[in-house]
Amino acid sequence: MNFQLKTLSLVQATADKADALIVLVGEGAVTGKDPLSALLAKVRAAGDLPDKAGKLLNLYLPLADGPRSVVFAAIGDGKDSSVRSAVGAAVSAARAGKPVRLAVVFAQAPTSGALRAAVLASSDACYAYTATKSKAEPNPVRQLIMGVPDAAAVQAEFDTAVGTAAGIEFAKELGNRPANHCTPTMLAEAAQGLARAPRIKCEVLGPKEIAKLGMGAFAGVAQGSNEPARFIVLHYQGAPKTQAPVVLVGKGITFDTGGVSLKPAAEMDEMKFDMCGAASVLGVFRALGELRPAINVVGLVPTCENMNDGKSVKPGDVLTTMSGQTVEVLNTDAEGRLILCDALTYAKRFAPSAVIDIATLTGACVIALGGVRSGLFSPDDELAAALERAGEASLDRCWRMPLDDEYGEGLKSNFADMGNIAGRAAGAVTAAKFLQKFSGDFRWAHLDIAGTAWKSGAAKGATGRPVGLLLNFLLGDPLAQPSAGRTKTGKTAAGGGRTARKTRARA
Ligand code: BES
Ligand code: MN
Ligand code: ZN
C-alpha cells in the first residue's frame, strides 16, 4: 500500500479524488464555511458524534464531485491510543466500500505521536492475509492519503511511521504463514531477500556450520526434524564500523510440537507462530532498509522445527552449548531457550552495545501479562528503562519482570551444569534466568512475546509486535527518551540511538 502525506483542509479533502474519506475529529472546535465543516458542525450540535474516541458516523455526501461518503471518527482527547482505536475502527468501516484511494484527514493538527498512531492503525486495518487462500480478498486500498493542516511540520515523523508500518506488516505476514509455507529454509530466503536493500547483508549457516560452531543446544532441538536448521545473520550498517551494534536475537521455531514432551492437540496449530521473535527481527530489518538510520544493527535468528522423531532429543539427554556449559534437557518443549542460548553466545563476537532477544518463550508469560504487554527482563536498569519508554511511546508496551537470583535455583541438574526447566512457579522468570546464564559478556534484555505476538480466536493472526517497540528503541525516538529518563552521563542504552536521530538522513 502506498502512503502519502498531504496538506489538506476540509475543503481540499472533498476536492481530493479519494473514493472514501475519513475525517478525524478531536474535542476542539473546527471552523470553516465549506460544506464538510458545516456538516460536521451540524452533526456535533445535534450530538450525533459523541467525543468518545472510536465513535463513528458514516454519512453519504451529496456533493457534485469528490468522495461519495465520509466517515467522521471521534478521536476524543487526541491521545495516541485514542487515535489508534478510532483510525482502526474507521478504516475497517471504510474498507467495506472497497475504496482504492482512501483519505484519512485530521480536522485539527495532530501531534507526531498521533500521526504515527494513525499510520500504523491504517496499515494494520488494511492488512489482508492472502498467501494460502485460493479465493482471497486482497486489501482494496492501493493509496492511503493522510491529510493534515501542515504536512511539512510532520513529514519526518510520517516517513518513520510508514517505514515502521512496512516492518510490522512484514513480521505479520511471516508470522501468519503456516509452518509448511514458512520453513527454516524459507525464513532464511526471506532474510536474504531483505539484503537486496542497500546497507543490509545476510549470511545463512546450515547444519554443518552450526555443528562446527559447537552450537550443541540448537543442533539438539533441530535434530528431530527433516527440515534442516538455519542460522541467519543479518547486518545493517548505517554508521562507521567502529560503532558497536545493537544485536537482536529472534526465536525462530517454525513449528513447536513440544518434541517428545509432546504438546496437547488443542490449539497446537498456533505453534506456527513460534517464530514470531524471528519475524520481528526480520521486520525491523525491513524497516531499517527503508529508513536508513545512522546506526549499526545485527540480527541473529536460529531457526528450526521442534518435532518428535526417532532422532529427536529425549528428556534426560545432555547437550553441550556453544558456551561450553552443559544442559540436561528435562523437557523437550522448553526448546526456545536451547536455540537462543547458542545465539546469545554467538552474539559476543560483535562486541555489541546491547543484545536484545525476542521470543515466544513461555506460556507462563501469557498467564502473567496476557496479550497487553510483553514481558521485559533485564538486569540492566538503563537498558530496561529505555525499552520501557520505547514501548510506551510506540503503544507496543512491555512490563519489567524480576530476575532475582533465587528464581534460578530450580534450574539445578544432577547430570549437567543446569537443567532446561525449573518448577511450574514463575515459569517466565525461570526461562529468563536460564538465558541470563549465556549473557554475561554484554548488556542484555529479553522480551517474552508469547502473549503479544499473535491473537487467538476469531481474530487469529500475528500482530507484528514488538517491531514498533524495537524500532522506537533503535531510532532513539524523542518520545522514548524524555529528558527525565536521560542518565547523568548522557549515554543512551541503545549506544548511538540519539546520534542516530540527529544524523538520520536518507542516503
Ligand atoms: N513456544 C512455547 C511457549 C508458548 C506456549 C507460547 C503457549 C505461547 C503459547 C515454548 O516453547 C514452550 O513450550 N514453553 C513451555 C516451557 C515449559 C516446558 C517449561 C511452556 O510454556 O509450557
Ligand atoms: Mn516449546
Ligand atoms: Zn516454543
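The six donor atoms around the zinc ion (ligand 3) subtend angles of 78 to 173 degrees, which makes the arrangement octahedral. Octahedral here means six donors with opposite ones over 155 degrees apart and all others between 65 and 115; four donors are tetrahedral if all angles lie between 85 and 135 degrees, four are square planar under the rule given for six, and anything else is irregular. For reference, ideal angles at a metal are 90 or 180 degrees for six octahedral donors, and 109.5 degrees for four tetrahedral ones.

Before I go on: this is a predicted model, in which local features need pLDDT of at least 70 and side-chain atom pairs count only at pLDDT 80 or more, while totals for chains, interfaces and linings use all residues. Residues are numbered from 1 along each chain as its sequence is written, chains are lettered from A and ligands numbered from 1 in the order in which they are written, and side-chain values use heavy atoms, with hydrogens and water left out.

Back to the zinc. Lys251 (NZ), Asp256 (OD), Asp274 (OD) and Glu335 (OE) coordinate the zinc ion (ligand 3), at 2.0 to 2.4 Å. A donor is an N, O or S atom within 2.8 Å of the metal, or 3.2 Å for Na, K and Ca; water is not among the atoms, so sites may look incomplete. Along the chain, the zinc donors have the spacing K-x4-D-x17-D-x60-E. Distant parts of the chain are linked here: Asp256 is in strand β10, and Asp274, 18 residues away, is in the loop between β10 and α9 (276–291). Helices (H or I, at least four residues) and strands (E, at least two) are DSSP runs, numbered from the N terminus. Asp274 is buried, at a relative accessible area of 2%. Buried means under 20% relative accessible area, exposed over 50%, and partly exposed in between, with a 1.4 Å probe and protein chains only.

Which residue coordinates both the manganese ion (ligand 2) and the zinc ion (ligand 3)? That is Asp256, and the two ions are 3.2 Å apart. Asp256 is itself buried, with a relative accessible area of 3%. The manganese ion (ligand 2) is coordinated by Asp256 (OD), by Asp333 through both O and OD, and by Glu335 (OE), at 2.0 to 2.2 Å. The spacing of the manganese donors is D-x76-D-x1-E. Asp256, in strand β10 (residues 252–256), and Asp333, in the loop between β13 (326–328) and α10 (336–347), are 77 residues apart. Asp333 is partly exposed, with a relative accessible area of 21%.

Next, helix α10. From first C-alpha to last, the 12 residues of α10 reach 16 Å, close to the 16 Å expected at 1.5 Å a residue; the expected span is 1.5 Å times one less than the number of residues.

On to the strands. β13 belongs to an open sheet of three strands, in the order β12-β13-β17, with mixed pairing. β12 (318–320) and β17 (418–419) are at the edges with a single partner strand each, so one side of each has no neighbour in the sheet. The pairing of β13 with β17 is parallel, over two bridges; two strands pair if DSSP finds at least two bridges between them. The bridge partner of Val327 in β17 is Met418.

Strand β8 (residues 230–237) has six of its eight residues buried. β8 pairs in the antiparallel sense with strand β7 (residues 200–205) over six bridges, and with strand β11 (residues 296–306), also antiparallel, over eight bridges.

Last, the overall layout. The domain assignment, which is automatic or from a database, gives domain 1 (2–148) and domain 2 (166–484). Their centres, taken over C-alpha atoms, are separated by 37 Å. The contact takes 13 residues from domain 1 and 13 residues from domain 2, where contact means heavy atoms within 4.5 Å. Glu173 lies in helix α5 (residues 151–176) and counts as buried at 17% relative accessibility. Leaving aside neighbours within four places in sequence, Glu173 is in contact with Tyr127, Tyr129 and Ala131.
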